[in-house]
Amino acid sequence: MLLWSFLEGARARLKNRSTTTTTTTTTTTTTSTKKEDDVSPPFLSSSSSSPTSTPRLSCSSSNSESTTFISNSNDNNDIKELDFTTTSSSLSYSNHRNNPNHIAPIYVDIHAAPSIRDAQIRNAVQTICYYHFSKQEEEEILELQVKQLGGGLSNHLYVVSSSSSETTTSSVLVRIHPPDTFSSDSSSSLINREYENKIMAILSSLHMAPCYYGRFINGRIEQFLEDVRPLRHDEVLSEKFGGEVARALGGLHLVSGIPRHEEEEKEVVEEEDMGEVVGTIEKWMQMAQSVLPYNQKHADLERVVNITSFLEREWEEWLYPSLFTSTTSEEEKQKEENKNVYSEKATSFLRQVVFTHMDCQSLNILTPLSPPNNDNNNTTATVKLIDFEYASHNRRVIDIANTFCGCCAMINLCPNYSKEYPSCELQDDFLRAYVGKVAPALAMELDEEEEEGWSVFLQQARMEVGKHTLISHLLYGVWSIVQWGNEGCDIDFDYVRYAELRMEGYLYFKKRFWGI
C-alpha cells in the first residue's frame, strides 16, 4: 500500500536530512542504512535554506558535478499534493538509489522468449533493489512475479511483485527502453536517456517523482504506485481535477536550477531564450527525414511523406517565425500598442522559460483510487505527475498548451477538437489556480483590480495558450513519424494515424486562434 503524505512532510525531511551513514557489510553487497526517504542523488550535495515568501523549489550550481537542491517554501497550508515516499521509513538502500551514473551490467531482451525475458527482469530487480524483496532481517530473496503492463508509448512496462506478506514492499516498476535504431549516442536519440535518468534521480530526491531505485543497460527500476489510476482525458481540466493539475504543473515549474540538455548548454544564447523545444523540433525533423529512405516499400509511406513535408514546411515558413522571432507586421505592431497593461503581463508571464513536463496528458496524471479519509464527497482530488522523458526548459505557456491539448482524445485516436478542447470557464479556473501557485504576488495584484485585472489577463492568456497549441501538435506529429520509422520500436500503436490527427489538430487550432 502506497503511503500518501502531505508535501510539508517531504519538505521537513528535505530540511532535516541526516548526514550520518552507517555501512553494513555482507558477504555479497555493501549497503548504507540511511533512511530510504532521505537519500539524495550521489552527485548532489545536501543543503538547506531559510524559507522565503514565494513557494519555490530551487537549485544552485557551482559546477557541473556539484549541485544543491533546496526547498524554499513556507507555503504549507492546505496542501493536497501527493508525496512520493516508500512504504517503509527504515529500508536500507543500494548504491543504485538516486544514482543515474551507476548502471547495472544487465540487458533485458524484450524479443526473447517470455521465460528468458522475465528471468532477466528478475535479475535486474534482485541486483538493483534486492532489499525490497528479502524477508525482514534476512538475506533470502523471495520468488518474484513479472507482469507486463500496457499503455506505454515510449517504454515497455513490467511490474515485479512478490505475493509474500513478509516483504518490505509489494511491487516495483521496470521500464525497458525499445532499441534505438537511429544512434547509439543517447543525445542523438529521440529520447536522451542519460538526461532522463539524471532528471528522474533529481525529482525523486525532491519527492516530486516516483522513487528512483536504479538503472540497467536498457532500462530502469522505480517505485510502482499502487491504488492509483490515471485520469481520463475529459477529467484533466474538470472541476474536480483541473485546479490540482494546475498546481501540480505549477509546482514542477517552480523547480529551478535543473541542468539543460548538454547539447543546449554548449550553445551561447545571446538573444531571448526560446527554450529547448526549438532544438528538439529541428532535431526530430532531421530524424523523421532520415527514416523515409529505409521504408520505401512500406504501405504507409505516402501518408508519412505527406505529413512530414507538411509539418516541415509549416515549421520553417510559418510557425517558427510567428512564435520565435521578433519580426512583426504593422498590423501586429498596432495590436501591441493597444494592449492593456494586464494583457502585456499575461504575455510576458506565460513566455517565461521554466522547467517543463512537456507530456502532461491524462495517462501521466495519477490520482488515488480512494480519496483521503474515505471522503467521497470531496470536490477536488489529489493528483501527481509521472513520466518525465520529455521534460526540458521551455516557455511555461507551451506546457500549459500541451496540457490543454491532452483534454482531447488523441491517445484514443478519436479526438473531437471543437467539443473536447477546454471551455473558457475551465481554462480560466486552471489559469487562476496556476498563477496562484507559481506567482502569488501577481495573483494578489490581479485580485486587487477586481474583475478587470483578471478579465483582461485571462482573455490574453487563453489566446496565448491557444496559439501555442500548434507547438504541441507539430512536436508530437513529428515525434510520431520518428516512432513509426524506428525499427526497434515494436510498441503496438498506430503512430501514422496519430500523426495525421496531430496534423488535423494543428490546422484546426491555426484557424481558431490565428485566423488562418
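Me: How many residues does helix 4 have, and what does it reach from its first C-alpha to its last?

Reply: Happy to start there. This is a predicted model, where local features need pLDDT of at least 70, side-chain atom pairs count only at pLDDT 80 or more, and totals for chains, interfaces and linings use all residues. Residues are numbered from 1 along each chain as its sequence is written, and side-chain values use heavy atoms, leaving out hydrogens and water. Helices (H or I, at least four residues) and strands (E, at least two) are DSSP runs, numbered from the N terminus. Helix 4 (residues 242-253) has 12 residues and reaches 16 Å, close to the 16 Å expected at 1.5 Å a residue; the expected span is 1.5 Å times one less than the number of residues.

Me: Which residues touch the most other members of the largest nonpolar core?

Reply: In soluble globular proteins, nonpolar side chains tend to be buried together. A nonpolar core is a set of buried Ala, Val, Leu, Ile, Met, Phe, Trp, Tyr and Cys residues joined through side-chain atoms within 4.5 Å. Here the largest has 107 residues, and Phe 430 and Phe 457 touch the most other members. Helix 14 (residues 450-485) gives the largest share of this core, 15 residues. Not counting residues up to four places away in sequence, Phe 430 touches Gly 242, Val 245, Ala 246 and Leu 249, among others.

Me: What is the strand order in the open sheet of 3 strands?

Reply: Strands of a sheet pair through backbone hydrogen bonds, either parallel or antiparallel. Two strands pair if DSSP finds at least two bridges between them. This sheet has the order 11-13-14, with antiparallel pairing. Strand 11 (228-230) and strand 14 are the edge strands, each pairing on one side only. Strand 11 and strand 13 pair over 3 bridges, and the bridge partner of Val 228 in strand 13 is Pro 368.

Note on methods: Buried < 20%, exposed > 50% of the residue type's maximum accessible area, 1.4 Å probe, protein only. Contact = heavy atoms within 4.5 Å.
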